[in-house]
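Thanks for coming, everyone. Please have a look at the model on the screen, and I will walk you through it.

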Amino acid sequence: MPAAKKTAAKKTAAKKTVAKKAAKVSRTDAIALLTADHKRVKKMFKQFDKMKEDGASADKQALAQQICAELTLHAEVEEQIFYPATREAIDDDDMLNEAEVEHASAKDLIAQIESGDPSDPLWDAKVTVLGEYIDHHVEEEEGEMFRKARKAKMDLEALGQQIAAMKQSRDGAQQMTPPPAPKQAAKKSGKASADARL
Ligand SMILES: [Fe+2]
Ligand SMILES: [Fe+2]
């Protein structure tokens, strides 16, 4: 075979291998869905960072509430679906325990942000610290837990379907929920409601 043809054949083979590898990692498996959540929240934290200095309080509060709602639902699907399945499939309870403790700390901050007032000088800092905290947590999940879960041959497609179904049911419930109560009432119920959802 002439050299040019050989190179072309090699290139086609390489393309096929890449396509095969891409097909193996489905966009709807549990890890793909959780990673997409991570990216979305990271973007929102960046957006918050940009509006921190001169953004209107109402806009900052709306974005922070959105971040908190995303994270709350994300933690819920991880704790109820992904973490238990991973705990069973891989022998690393320490890693899973640490992840759950990190969720608990994040929930504390989320409750403080949800019930807090953007005019409070510490409120912006709480959102920033939550972002840093989540960055660290995501690094550990993506760098260690997800890697181990992929190797463990878990049924990530089935878990992905469970995650999507739970998210859909929560989204539907949220749409049916009446608009948030006035600030005073939200302040009182902030922690309790965050805990109930997590
Ligand atoms: Fe997590
Ligand atoms: Fe996560």
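One term before we start. A crossing is left-handed if the near helix is turned anticlockwise from the far one by less than a right angle, and right-handed if clockwise. Keep that in mind for later.

Now the ground rules. This is a predicted model, where local features need pLDDT of at least 70, side-chain atom pairs count only at pLDDT 80 or more, and totals for chains, interfaces and linings use all residues. Residues are numbered from 1 along each chain as its sequence is written, while chains are lettered from A and ligands numbered from 1 in the order in which they are written.

What is in the protein chain? It has 7 helices and 0 strands. Helices (H or I, at least four residues) and strands (E, at least two) are DSSP runs, numbered from the N terminus. In sequence order, the pattern reads α-α-α-α-α-α-α.

How much of the chain is buried? Of its 198 residues, 21% are buried. Buried means 20 or more other C-beta atoms within 10 Å of a residue's own, exposed means 12 or fewer, and partly exposed is in between, with C-beta atoms placed from the backbone.

Next, contacts. Two residues are in contact if their C-beta atoms, placed from the backbone, lie within 7 Å. Take the contacts with a separation of 6 or more: 76% of them join residues 24 or more positions apart.

On to confidence. pLDDT is the predictor's confidence in each residue, from 0 to 100. The chain's mean is 83, and 74% of its residues reach 70 or more. Residues 17–23 are one, with 0 contacts beyond four places in sequence. Residues 178–198 are another, with 21 such contacts. Where pLDDT is low, the predicted coordinates should not be read in detail.

Now the packing. Axes are lines fitted to C-alpha atoms, for helices over the stretch in contact, and angles run from 0 to 180 degrees between N-to-C directions.

First pair: α2 and α5. Helix α2 covers residues 30–51 and helix α5 covers residues 121–151; they pack at about 160°, with axes 11 Å apart. That makes α2 roughly antiparallel to α5. The cut-offs: under 35 degrees is roughly parallel, over 145 roughly antiparallel, 65 to 115 roughly perpendicular, and the rest oblique. The crossing of α2 and α5 is left-handed.

Who meets whom? On the α2 side, the residues include I31, H38 and F45; on the α5 side, they include V127, I134 and F146. The residues of this contact divide into 9 nonpolar, 3 polar and 2 charged. Ala, Val, Leu, Ile, Met, Phe, Trp, Tyr, Cys and Pro count as nonpolar, Asp, Glu, Lys and Arg as charged, and the others, Gly among them, as polar.

Look at A32, also in α2. A32 has 16 C-beta neighbours inside 10 Å, so it counts as partly exposed. A32 and F146 are 114 residues apart in sequence, yet 9.7 Å apart in space, C-alpha to C-alpha.

Among the residues in contact are C68 and Y83 of α3, and H103 and I110 of α4.

Last stop: K153, in the loop between α5 and α6. Its phi is near 55°, a positive value in a residue other than glycine. K153 counts as exposed because it has 8 C-beta neighbours inside 10 Å.
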